Amino acid sequence: MSSTTIFAARKILTMNHSRPAATHVAVRDGRILGVGSLEELEGWGPHQVDDRFASKVLMPGLVEGHAHVLEGGFWDFTYVGYHDRRSPDGTLQPGLTSIDAVVERLRAAEAAMTDPNAPLLAWGFDPILFGGQRMTCRDLDRVSATRPVAVLHASVHLMNVNSALMTRAGITAATPVTGIARFPDGEPNGELQEFAAMYLAYKVAGGEFFTAPGTERAVWRFGRVAQLAGVTTVADLYNDLSDEMVGNLTAVTADPAFPVRVVSALNGSGHGVDGVEKLRRLVARNTDKLRFGIVKLMTDGSIQGFSARLKWPGYYNGAPNGIWNTGPEELRSILAAYHKAGFQAHIHVNGDEASEAALEVIASVLTETPRPDHRHTLQHCQMADEAQFRSMASLGVCVNLFANHIFYWGDAHYALTMGPDRANRMDAVGTAKRLGVPFAVHSDAPITPIGPLFSAWCAVNRRTSGGRVLGGEADRITVEDALRAITLGAAYTLRMDHEIGSIEVGKRADFTVLDVDPTEVAPEALKDVPVWGTVLGGTVFQAPGGPGGGNA
Amino acid sequence: MTIALTVIGGFLGAGKTTLLNRVLQGRHGRRVMVLVNDFGSINIDAELIAGRQGRTLELKNGCACCTVGGDLMAALLDLQRRPDRPDDLIIEASGVSDPMRIAEIGLADPDYRLNAVVVVVDAERVRALAADRYMGDTVLRQLAAADLLVLGKLDLIDEAQGDAVRAWLKATVPHVRMVPSRYGAVAEEILFLDADHPKTADHVHGHAPHADFATWSAETSRPIDRGRFAEAMAALPPGVVRAKGVLRFADDDSTRPAVFHMVGRRMSIEPLAEPADTQPGSRLVAIGIPGALGPDGLWPLLNEALR
Ligand SMILES: [Zn+2]
Ligand SMILES: [Zn+2]
């Protein structure tokens, strides 16, 4: 007979309405045998009591419903973001709040390199947080005059490079492509965006940005970063799922030391209708720690990159409307194929024109082929208005809102992209809650750091990095609702709410171990609740370096 | 040796793949690589494919191979690492992308020469699409990017409607050149026009019945004035859609002649990089819709450009 462990805790927040709080949880075969008091659980027979969490608080394991393995790949490179970030080994990478500090960290990284020709690659830089001051090649030339240096922005749509890189890439004042930013005298200043300009830089120095995410090491680091933030299930929401990648995911997740469950969504926009068969084959390879069966579809670009598709009146600063990566007509034919095959679609929509088009497409596909409980989910969905949320509710569509954007880019949305009206209602968690649309909140790591408690904090407080609060009381949600969004809410969008997301009998024994009770701290302190570690299928994983701090 | 880059754009269903198949059927003895937006949309005629491995298609033609990448950036970076670099790269842009954004690579990367941005237009739907609330601006961006418009689906509309579409395109993108796709054989020549051995309609193989296009050629042993030549070419009537020349300019004392390309409205002149040209003098070939040039063909234009 298998052994039974009863974990004792100061408090267990279950997310189960019939038993919201308890002190003990019994685990057998990696699953939850019972929840209650020690007395209530003893009836299951012989057991051992594990009271290492006697002073801790247990929650259902946190679920990150939208991130990317790319986060794991990026840790091959130097992190130069504005905000603190925890690296996979648990050490804190302090945020760099001046361009000089960025240059300093790059100089240190450069000094540690042995091959004089190897490019120095960095990531996570965000120029909009320096109050209008832009980094240029003059800054990066202080890092090296000979070695190519490329710094990818947090949005991944722009980069800064040094003069050595531009020389190798042949980028001069005469280079006839869009997206090369210039000094007043017309010389390129090293900031590059758009396809051709980025290509010129990648060609001489950035190829590793494309190969790093495909490795086993990237999967390991992705899992570790998630675990440090208290996550037990993480969605990798856009993957080509090449044979090699599937092999890596399978091998890594099968290792008992790998601390999270991974849900990997097939890149359906790239595979088109052909991907249906591939997804069928992949589902047969599902394990308890690796899941296939979701297709991710693209529509527009990003708001901060001015490539999202906006409805009238468009961008606040007058920028032209963004671009489609997949237009509504093609979206319809691809969605219909996966929908008819019984798969669930997660659709990237940033601007409100994209969410409107996606909802029309879903309505049309559902009219043709009704399917109960499809749970197609709009991802990001940052600008949807109330009418669109009403439409989601009536169509049975879920939403995973990009709450972290409120903090990271809320000020830019207020001043530049959306203007006050639409920025105030962006990532409308309050509306989703009020209209009964099943919802979650996410990080989209590596775009922002993975950290469900931080995402929940954003949904509760709606505070920007500049200190502005976006929207009013009706736009916010309670701490309780936010904690539900990062557990059962996200599990529901992944069609795993029968397995994970709450602490109740029969579910997987996945817990997040906290040093304090998140429902007792001030709502403004939710992001600072220390994560001691996690329990995955009954196995305890202490976060390296002990209790981690907040994620912001 | 620079790679000639051709970007084929146009809305989903306009006929990009049909055009691509015509191009790939051209017997040309060059190494051609094709990058398409996604596997689902590539429908290269089965008879052209010798083998398929992962994301690479080997074309029977022997001189051509075709890599299919879901991520264009990654595919382009991968191409650079390949030992067997092609003479020609054709990128089929996705139905919603602005082909000029991709074509810029041909302007900025010294490894490439931008041959042309060819946009395939669905003559039946284009005006409705240009007015579509979601896709309108995208379609207009594509039209504006084109050096050459290939008008497909004209057989689905009557002549008056066809004329109306042409007039609308002319007003919308005034400088562009256009050719109906029933002159489909033109497609092969867009890439592979040979100034020394221009095909005439009789030589052109093709499976679908199509109207014959016209070929004009002219040669001279006298040196050419660079400025006047450019003016003369810019004055070519819109029905002339492709030209190529091997030219000896009066102001050029090098022994190497220059090579001139015109695809639609895009023109380039660069030193001939191919194996040394042994023929003396200059020669010019053009193709287009019959009747586009008068009975003397290119002669009057070339005469204008002589010194
Ligand atoms: Zn996205
Ligand atoms: Zn994402």
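Biologist: Which residue of β12(B) is the bridge partner of B:K244?

Modeller: The partner of B:K244 is B:H261. This is a predicted model, in which local features need pLDDT of at least 70 and side-chain atom pairs pLDDT 80 or more, while totals for chains, interfaces and linings use all residues. Residues are numbered from 1 along each chain as written, chains are lettered from A in the order written, and side-chain values use heavy atoms, without hydrogens and water.

Biologist: In what sense do β11 and β12 of chain B pair, and over how many bridges?

Modeller: Strands of a sheet pair through backbone hydrogen bonds, either parallel or antiparallel. Here β11 (residues 240–247) and β12 (residues 258–263) of chain B are antiparallel, with six bridges. Strands are DSSP runs of E, at least two residues, numbered from the N terminus; two of them pair if DSSP finds at least two bridges between them.

Biologist: What is the strand order of the open sheet in chain B?

Modeller: The order of the five strands is β10-β14-β11-β12-β13, with antiparallel pairing. At the edges, β10 (214–220) and β13 (266–271) of chain B each pair on one side only.

Biologist: How much area is buried between chain B and chain A?

Modeller: The size of an interface is often given as the accessible area lost when the parts come together. Here about 2800 Å² is buried, 56% of it from carbon and sulfur atoms; the area uses a 1.4 Å probe and is summed over both parts.

Biologist: How many salt bridges cross the interface of chain B and chain A?

Modeller: A salt bridge is a Lys or Arg side-chain nitrogen within 4 Å of an Asp or Glu carboxyl oxygen. Seven are found across this interface. A:E356 forms a salt bridge with B:R133, with the closest N and O atoms 3.5 Å apart.

Technical notes: Helix = DSSP H or I, 4+ residues; strand = E, 2+ residues; numbered from the N terminus. Buried area = accessible area lost by both parts, 1.4 Å probe.
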